[in-house]
Amino acid sequence: MSDQPSRLDLLRFARRVVVQQATAAVRQLDGWIADEERREAERRRGGEMRPSPPEWLLQYGLNRRNVDAVHVGDCWAAAKSGRCRPASREQVVEALRHGVVACVHCRPDTALGLLDNP
């Protein structure tokens, strides 16, 4: 008898190695899948818990006292400015009546039924 393993012993060893590596790879993939499912659930919960945007916005000037413009609550230009605060319908109508400019992108005056600022 020789000290060399038989061909059958080598094949069985190779099979054990492949099974061990495959098991580790599947375990790693299962972990990645579980992480992604958790992140997806968190995104969904975050979206459900997020408050709805305000209906109207007033955009303030750099000194934070003067009102520069009026926006509809989901206006992209208002979101980009970063100087807007939520407002009631009455505040927005009053601002438009006092000559505050309506946003040219979201047209809050049209949404309110005021085609021209009186």
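Biologist: What makes L29, W32 and I33 a nonpolar patch on the surface?

Modeller: Patch members need over 30% relative accessible area and no salt bridge, and nonpolar side chains (Val, Leu, Ile, Met, Phe, Trp, Tyr) are joined within 5 Å, like charges within 9 Å. L29, W32 and I33 form such a patch, with about 320 Å² of accessible area together. That area comes from the Shrake-Rupley method with a 1.4 Å probe, and for residues only the protein chains shown count as cover. W32 sits in helix α1, residues 7-49.

Biologist: Before we go on, what are we looking at?

Modeller: A predicted model, where local features need pLDDT of at least 70, side-chain atom pairs count only at pLDDT 80 or more, and totals for chains, interfaces and linings use all residues. Residues are numbered from 1 along each chain as its sequence is written, and side-chain values use heavy atoms, with hydrogens and water left out.

Biologist: How many helices and strands are there, and what makes a run count?

Modeller: Helices are DSSP runs of H or I with at least four residues, strands are E runs of at least two, and both are numbered from the N terminus. That gives four helices and four strands, in the order α-β-β-α-β-α-β-α from the N terminus on.

Biologist: Why is the chain called more spread out than a compact globule?

Modeller: The globule rule is 2.2 Å times the number of residues to the power 0.38, and the radius of gyration is taken over C-alpha atoms. For 118 residues the rule gives 13 Å, and this chain has 32 Å, well over that, so it is more spread out than a compact globule. The C-alpha trace spans about 110 × 25 × 20 Å along its principal axes.

Biologist: What stands out in the phi of R107?

Modeller: Its phi is near 50°, a positive value in a residue other than glycine. Most residues other than glycine have a negative phi. R107 is found in the loop between β4 (101-102) and α4 (108-112).

Biologist: How do you know that R38 and D35 form a salt bridge?

Modeller: The test is a side-chain nitrogen of Lys or Arg within 4 Å of a carboxyl oxygen of Asp or Glu. For R38 and D35 the closest N and O atoms are 3.2 Å apart, so the pair passes. Both lie in helix α1, three residues apart, about one turn of the helix. The whole structure has six salt bridges.

Biologist: Which residues are joined into one network?

Modeller: Start with E36, whose side chain meets R39 at 3.0 Å, N to O. E36 also forms a salt bridge with R43, at 3.1 Å. Shared partners join E36, R39, E40 and R43 into one network.

Biologist: What makes R85 count as lying over the face of Y60?

Modeller: NZ of Lys or CZ of Arg has to be within 6 Å of the ring centre and within 35 degrees of the ring normal. R85 lies over the face of Y60, at 4.1 Å from the ring centre, so the distance is within the 6 Å limit.
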